[in-house]
Amino acid sequence: DMWKVRVWRYLAFCVDGNLRGLTNATISIADVAQKIVTAGQEHRAEQKKLSTILNYLLHFRLKGTPYSGDSVLDVYDRAGLMDEFEFNEIVLVKLLKVGYFNRFVFAEKGVDRNKYPGFLVRLLRQCTETPVRMAVTREVQAALCLQLLTLSSAYKENSFGRSRSSARAADEVAALIVLPEVVKLLRKHKDDVIKTHLMATLVNLTYGNDNKKKEVMRHDVPVIANQCLKSHDPDLVRQSCMLLANLTTTKTGCKAVGMVNEGQGDKDDNIITNLAMLLEKREYPPYERSVVVRFEAMKVLQNLSKDQSLHSNMVDCLPRRIRSSAGESGSPFLNKLADLFDVRESKSGSDNKRVKSLLMAVCTCLIRLCYKHNDRKKSVGRMCIPSLVRLLSDGISKRNPELTIKVLMLCCSLAFDPSKENLSRFKKCDFNKTLTEVKLYRSISKRGSDKHQELIEKLIVDIHKAHKKHS
């Protein structure tokens with residue numbers, strides 16, 4: 001039987017684009033699989049022939065048994081809980097990449113679609129059972145994790161099952177089979193690319209699903225995400241922030257995430273500090289993180305700011321040795337938020353869509369941090385008022401009425417400062433002239449709705465009231 005295995009492995013090598021020296025025609029395993037997947041019902045006979053060939057090239061069988069021509073589904077159904085599989089890893093990776101199993105093998109009529117996640121998880125478990133296997137099967141693991149990510153996108157869009165019952169069954173499979181294995185692998189894996197796929201899978205699974213959010217927090221995933229925030233891989237950092245943003249949409253989630261590593265070990269290793277450090281310049285190029293990464297980190301901080309019990313931790317989260325360009329006094333964290341008001345759209349345009357969202361998130365966070373805290377209003381006013389006035393006059397605010405509203409809301413909050421220090425700062429920046437320009441531009445501009453215009457005018461009136469009250 002080993003001779004047959006070697007022969008079919010050699011034939012797989014030949015079929016996969018390695019016959020160029022013998023013929024001008026080129027073919028690959030991916031091409032054959034793609035043809036099977038895209039063929040219609042009128043080509044069932046051809047599908048069957050080609051899938052039989054792929055079955056032999058894959059040679060998927062129970063470990064220690066000869067291959068007898070069975071399909072992947074037959075072998076998988078026959079396997080016991082403790083059985084392991086043998087197969088041609090190169091062929092498996094190529095079939096996974098074109099979606100052959102998801103779109104053909106497990107999509108056949110009468111086949112339970114929920115078997116496919118279990119199939120992926122079982123192979124992934126087998127590939128990562130020992131350190132040696134984990135080291136030699138990286139490509140297979142990456143392909144399997146990518147398929148889990150694709151499946152999680154279907155769960156997110158609720159398009160996996162056609163009926164409500166099948167959608168519920170898919171949801172149970174995700175919670176009971178996929179999620180625990182993803183967390184287990186995320187906890188022990190060292191490869192950043194695979195960890196990024198796994199983290200993105202959790203992002204999709206927890207999107208708008210409170211039950212899965214609770215399950216993820218029960219597995220202490222925020223602690224894992226906190227470690228990933230310190231990675232040099234920007235994609236892993238971004239996905240970690242996105243997961244934390246999903247988890248912090250609820251009050252319980254804010255509490256759980258905000259207290260990760262708080263009061264344990266290194267004071268500067270808590271999750272709020274690590275999120276804030278993503279806004280700080282690095283010691284190596286590129287010194288500035290991408291706008292996307294800073295936005296995702298800011299989105300988590302914005303969610304955490306909903307919990308007033310975390311405000312003190314947030315304001316004092318950065319070490320005093322870290323100083324921003326805004327000055328040496330006050331909170332380094334608030335200084336860093338103030339610096340973000342100078343972020344603008346770039347000529348390349350790759351991250352421009354996130355600039356507005358980043359600036360709005362900063363405004364929202366500062367509004368919440370200043371709520372009923374006059375000393376903090378004074379500090380934020382000293383750091384931010386000149387930048388806010390410049391931002392209101394900038395083209396990005398004129399193009400985005402939502403951003404104008406957020407900036408005005410923060411200005412309104414700062415204007416109600418009993419110490420009157422912010423009032424003098426607004427006057428130095430010729431704020432009334434800027435407000436007049438904003439009002440005039442909005443009255444002639446077609447951007448935004450009537451509600452936007454009404455809200456902007458109301459905020460300007462409130463700011464004037466605050467100035468009169470404290471003048």
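Helix 20 (residues 352-370) packs against helix 21 (residues 374-393) in this predicted model, with an angle of about 155 degrees and the axes 11 Å apart. Axes are lines fitted to C-alpha atoms, for helices over the stretch in contact, and angles between N-to-C directions run from 0 to 180 degrees. Helices (H or I, at least four residues) and strands (E, at least two) are DSSP runs numbered from the N terminus. The angle makes helix 20 roughly antiparallel to helix 21; angles over 145 degrees count as roughly antiparallel, under 35 as roughly parallel, 65 to 115 as roughly perpendicular and the rest as oblique. Helix 20 passes helix 21 in a left-handed crossing, that is, the near helix is turned anticlockwise from the far one by less than a right angle, clockwise being right-handed. Contact (heavy atoms within 4.5 Å) is made by Leu359, Leu366, Leu369 and Cys370 of helix 20 and by Arg376, Lys377, Val380, Cys384 and Leu391 of helix 21. By class, seven of these residues are nonpolar, none polar and two charged. Ala, Val, Leu, Ile, Met, Phe, Trp, Tyr, Cys and Pro count as nonpolar, Asp, Glu, Lys and Arg as charged, and the others, Gly among them, as polar.

The axes of helix 20 and helix 23 (residues 401-415) come within 9 Å and cross at roughly 20 degrees. The two helices are therefore roughly parallel to each other, and their crossing is left-handed. On the helix 20 side, Lys356, Leu359, Met360, Cys363, Thr364, Leu366, Ile367 and Cys370 meet Glu402, Leu403, Lys406, Val407, Met409, Leu410, Ser413 and Leu414 of helix 23. This contact divides into eleven nonpolar, two polar and three charged residues.

Ser68 lies in the loop between strand 1 (61-62) and helix 4 (72-78). With a relative accessible area of 53%, Ser68 is exposed (over 50%; buried is under 20% and partly exposed in between, for a 1.4 Å probe and protein chains only). Its C-alpha atom is separated by 56 Å from that of Pro285, 217 residues apart along the chain.

The mean pLDDT (the predictor's confidence in each residue, from 0 to 100) is 88 for the protein, and 91% of residues reach 70 or more. Confidence is lowest in helix 10 (residues 164-188), at a mean of 84, and highest in helix 14 (residues 234-247), at 97. Over residues 323-328 pLDDT stays under 50, and the model has ten contacts beyond four places in sequence for them. Where pLDDT is low, the predicted coordinates should not be read in detail.

Residues are numbered from 1 along each chain as its sequence is written, and side-chain values use heavy atoms, leaving out hydrogens and water. In this predicted model, local features need pLDDT of at least 70 and side-chain atom pairs count only at pLDDT 80 or more, whereas totals for chains, interfaces and linings use all residues.
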